[in-house]
Amino acid sequence: MENFTYCTPTRYVFGRGAELKAGEEAADIGMKKVLVVYGGGSAVRSGLLKKVTDSLIEAGIAVTELGGVQPNPVDTLVYEGIDICRREGIDSLVAVGGGSVIDTAKAIALGVPYEGDFWDFFAGKLPATVALPIGVVLTIPAAGSEGSGNSVITKTDGMRKISLRTETALRPKWALLNPELTFTLPPFQTACGIADMMAHIMERYFSTTPDVEITDRVAEGVLKAIIEEAPKVMADPCNYQARANIMWSGTLAHNGICGTGRREDWTSHGMEHEISALYGVAHGAGLAVVFPAWMSYMADHQPEKIAQYGRRVFGVESHSDSVAAHEAVDCLKGFFSSLGLPITFAELGVPDPDIATLVKKLHENKGEAIGGYRTLKAADTEEIYRRAL
């Protein structure tokens with residue numbers, strides 16, 4: 001196990017009616033003028049947005065709203081939000097939605113106190129250390145952004161989709177999680193969220209760092225729980241306990257606890273970001289295609305941890321690492337398919353992907369050699385993309 005520093009300053013309020021505590025939580029940390037960021041019309045139609053803003057106003061907090069965040073969020077709305085915050089003297093943000101909304105709010109929070117272009121942080125020109133405080137009312141368990149210090153934004157000029165990772169600067173100060181808010185999610189969106197949270201765990205799990213039994217077992221336990229609870233949610237979307245377990249899994253998957261003391265990978269996320277940037281597909285659906293392809297490649301070249309995953313998570317029994325690793329890939333594909341997720345480019349709606357462009361953009365954004373589990377160059381990532389055909 002490697003040395004590590006772990007800090008998760010987010011206060012989680014979990015359960016029925018959690019969204020009604022927005023004002024109380026905001027006031028407790030001194031929020032006074034808030035920009036409430038949200039997505040499409042569902043937050044308005046459901047009455048959730050009004051509940052949250054009413055709670056904030058009742059606590060004596062001034063509210064300004066910014067809607068219109070789309071999946072795979074882009075920089076244009078971030079710039080608009082930064083301008084609003086500066087013009088209105090906003091001191092904090094509250095995101096009402098899922099990962100795209102939260103990531104947009106984070107990027108705005110980072111850009112307001114910075115005199116330059118917020119994209120400088122995403123481009124790696126300087127570290128992100130100062131941001132306005134953020135609160136979250138979560139509606140989609142998937143991205144785990146309610147507990148992470150990460151944000152993913154696409155720059156429309158060049159369609160560069162970049163993930164920014166920070167230790168504490170972008171971690172929300174508080175997050176309100178009510179599983180009932182997820183009852184009306186469409187089945188496909190629910191399934192995409194499940195794939196996303198599993199991928200967040202697996203990016204950390206597939207590591208060459210030795211002697212990380214504790215975090216291995218934590219990761220395996222959350223993965224096994226997701227695999228057990230997911231069919232219940234798909235069969236009965238209003239099953240509160242199943243929804244609660246899935247919602248909390250999404251948070252644990254990406255708040256860093258599964259990655260302590262180890263080197264992480266993140267190749268599959270980088271590869272998927274290029275797909276969703278180019279073709280606009282749902283991130284979780286893209287991960288359901290890419291991750292098994294990446295695992296298949298590793299089963300041929302570095303099977304040990306893939307085999308352990310198969311044995312401990314899916315109960316694969318083979319004593320051969322190579323056989324067990326390939327069986328693990330088949331198990332994961334079967335699980336994703338059972339949720340109605342795609343596992344090939346064609347099923348994703350991209351029957352003829354421009355693999356050359358995907359590879360080119362990937363290595364432009366991530367470097368000539370990428371990966372924590374195994375170092376990969378362009379020829380390797382091209383093969384992985386082709387395995388997803």
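Cys-258 is buried in this predicted model, with a relative accessible area of 0%, where buried means under 20% relative accessible area, exposed over 50% and partly exposed in between, taken with a 1.4 Å probe on protein chains only. The sulfur of Cys-258 lies 17 Å from the closest cysteine sulfur, that of Cys-7, which is too far for a bond. A disulfide is a covalent bond between the sulfur atoms of two cysteines, and here it is counted when a pair of cysteine sulfur atoms is within 2.5 Å; the structure holds 0 disulfides.

This is a predicted model, in which local features need pLDDT of at least 70 and side-chain atom pairs count only at pLDDT 80 or more, while totals for chains, interfaces and linings use all residues. Residues are numbered from 1 along each chain as its sequence is written, and side-chain values use heavy atoms, with hydrogens and water left out.

Another cysteine, Cys-331, counts as partly exposed at 27% relative accessibility, and its place is in helix 13, residues 321–338; helices (H or I, at least four residues) and strands (E, at least two) are DSSP runs numbered from the N terminus. When neighbours within four places in sequence are left aside, Cys-331 is in contact with Phe-314 and Val-316, contact meaning heavy atoms within 4.5 Å. The C-alpha atoms of Cys-331 and Pro-292 are separated by 9.5 Å, although these residues are 39 residues apart along the chain.

We turn next to the backbone. Most residues other than glycine have a negative phi, and most peptide bonds are trans.

Beyond its neighbours within four places in sequence, Thr-154 is in contact with Asn-72, Pro-73, Val-74, Asp-75, Trp-119, Met-159, Arg-160 and Lys-161.

Helix 4 (residues 75–88) and helix 5 (residues 99–111) pack at an angle of about 50°, with their axes 9 Å apart; axes are lines fitted to C-alpha atoms, for helices over the stretch in contact, and angles run from 0 to 180 degrees between N-to-C directions. The two are therefore oblique to each other, since angles under 35 degrees count as roughly parallel, over 145 as roughly antiparallel, 65 to 115 as roughly perpendicular and the rest as oblique. On the helix 4 side, Leu-77, Val-78, Gly-81, Ile-82, Cys-85 and Arg-86 meet Thr-104, Ala-107, Ile-108 and Gly-111 of helix 5.

Helix 7 and helix 10 (residues 267–279) pack at an angle of about 135°, with their axes 9 Å apart, and that makes helix 7 oblique to helix 10. Their contact is made by Asp-196, Ala-199, His-200 and Glu-203 of helix 7 and by Thr-267, Ser-268 and His-269 of helix 10.
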